[in-house]
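Please look at the sequence and the model below before turning to the notes.

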Amino acid sequence: MDRPASGIGLFRRHARTPADALFLRIFLINGLVFTLGTLVLAVSPATVSSRVRVTEIPVLLVGLAVILAANALLLRSSLAPLDELIASMHRVDPLRRSGRLTGRGNGDLARLIDTFNAMVDRLASERTAASASALAAQEGERRRIARELHDEIGQSLTVALLSMKRVADRAPEDVADVLHDAQETVRGCLDEVRVIARRLRPDVLDDLGLFSALSALCSEFSSTTGIPVTREVDRNLPRLAPEVELVCYRVAQEGLTNIIRHAEASQVVLTLRAHADMLLLRVRDDGRGGVSDDGAGIRGMRERALLVDATLVIRSPPGHGTDICLTIPQRDPGSIP
């Protein structure tokens, strides 16, 4: 029973690796070049004296140059995929789905390229799984904080308002004026708490869907900043999967937040359209543009896009605004998996 197992282990130890394949390739190429050079010398009329003459040196140099050129040409063409592999290693970015080699190597180098692509796919898959877990925990914490702000702090402030109103109705006029001012301050705090709770987890997204949530988001953005938002949203869009609606909402929310912080824009256009095989979300502005580096907000949008197998493209030429385009594939027309 031990012999077959030891035989299998011996076979595995002697299985050809990519390094062995590369060594064999170089050895065969060099052997082929030197063999051909020897045959050419054997059948050619050229001869070399025991003591090399001056007139024979050019012939030897030409032969050596031909052999070296042929060897270099064959090796260069054979090892060319390695340069592409090295360049691809520098481009690897799981958030942008980049770094994979599309070309095929010749012979055993194809195995090396396939292994590299499999490694990139595995890294992207693990990054997506880790991001999904982290974002799910983040959304759960957002939901918990929003609920506590709305239910506990909101109710406490409401009770404080009612108590202050009862005291103000019985207090002297000068004291009542002070209490009314305090009431307005508490009422402003209550409104601010509600706004923060909606930003953390919008109830309208769960209750009424993405269309109503985006409309409320754009209205709040316009009322806060004074920047008009043109909405081009398909009213006939059906309810999407919860994770898809959440990704679209968060990308639009982050895009509008970046406009407030950096864009200096005077006009914003938000588009949500469903096509035959994809769902398209775009947030465009006419601000200063020039976004070149991915900050925390943009990286967060890219991570969310990966969760629904979407593609996020950001175009931001200097002086011509920023265009954020999220494309989500659909399996069937009008539905998102």
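The notes that follow concern charged side-chain pairs and nonpolar cores.

The model is predicted. It holds 8 salt bridges, and its largest nonpolar core has 39 residues. Side chains of opposite charge can pair when their charged atoms come close. In soluble globular proteins, nonpolar side chains tend to be buried together.

- Glu 141, Arg 144 and Glu 148 are joined in a network of salt bridges.
- In one link, the side chains of Arg 144 and Glu 141 meet with an N to O distance of 2.3 Å.
- Arg 144 and Glu 141 are about one helical turn apart, because 3 residues separate their positions in helix α4, which covers residues 109–170.
- In the other link, Glu 148 pairs with Arg 144, and the closest N and O atoms are 2.8 Å apart.
- Glu 148 and Arg 144 also share helix α4, where a spacing of 4 residues corresponds to about one turn.
- Arg 144 is partly exposed, with a relative accessibility of 31%.
- Glu 141 is partly exposed at 36%, and Glu 148 is partly exposed at 32%.

**A further pair in helix α4**

- Asp 169 forms a salt bridge with Lys 165, with 3.4 Å between the closest N and O atoms.
- Both residues belong to helix α4, and Asp 169 lies 4 residues from Lys 165, or about one turn of the helix.
- Are the two partners, Asp 169 and Lys 165, exposed or partly exposed?
- Asp 169 has a relative accessible area of 54% and is exposed, whereas Lys 165, at 45%, counts as partly exposed.

**The nonpolar cores**

- Within the largest core, Leu 270 and Leu 326 have the most contacts.
- The elements that contribute two or more residues to this core are the helices α7 (210–225), α8 (242–263) and α9 (296–307), together with the strands β1 (229–233), β2 (268–274), β3 (278–285) and β5 (323–329).
- Which element gives the most to this core? Helix α8 does, with 10 residues.
- Leaving aside residues up to four places away in sequence, Leu 326 touches several residues, among them Val 247, Cys 248 and Val 251.
- Other contacts of Leu 326 include Leu 279, Leu 280, Leu 281, Ala 305 and Leu 312.
- A second, separate core has 10 residues, including Ala 146, Leu 190, Val 193 and Leu 200.

Note on methods:
Residues numbered from 1 in each chain as written. Predicted model: local features only at pLDDT ≥ 70, side-chain atom pairs only at ≥ 80, totals over all residues. Heavy atoms only, no water. Salt bridge = Lys/Arg side-chain N within 4 Å of Asp/Glu carboxyl O. Buried < 20%, exposed > 50% of the residue type's maximum accessible area, 1.4 Å probe, protein only. Core = buried A, V, L, I, M, F, W, Y, C linked by side-chain atoms within 4.5 Å. Contact = heavy atoms within 4.5 Å.
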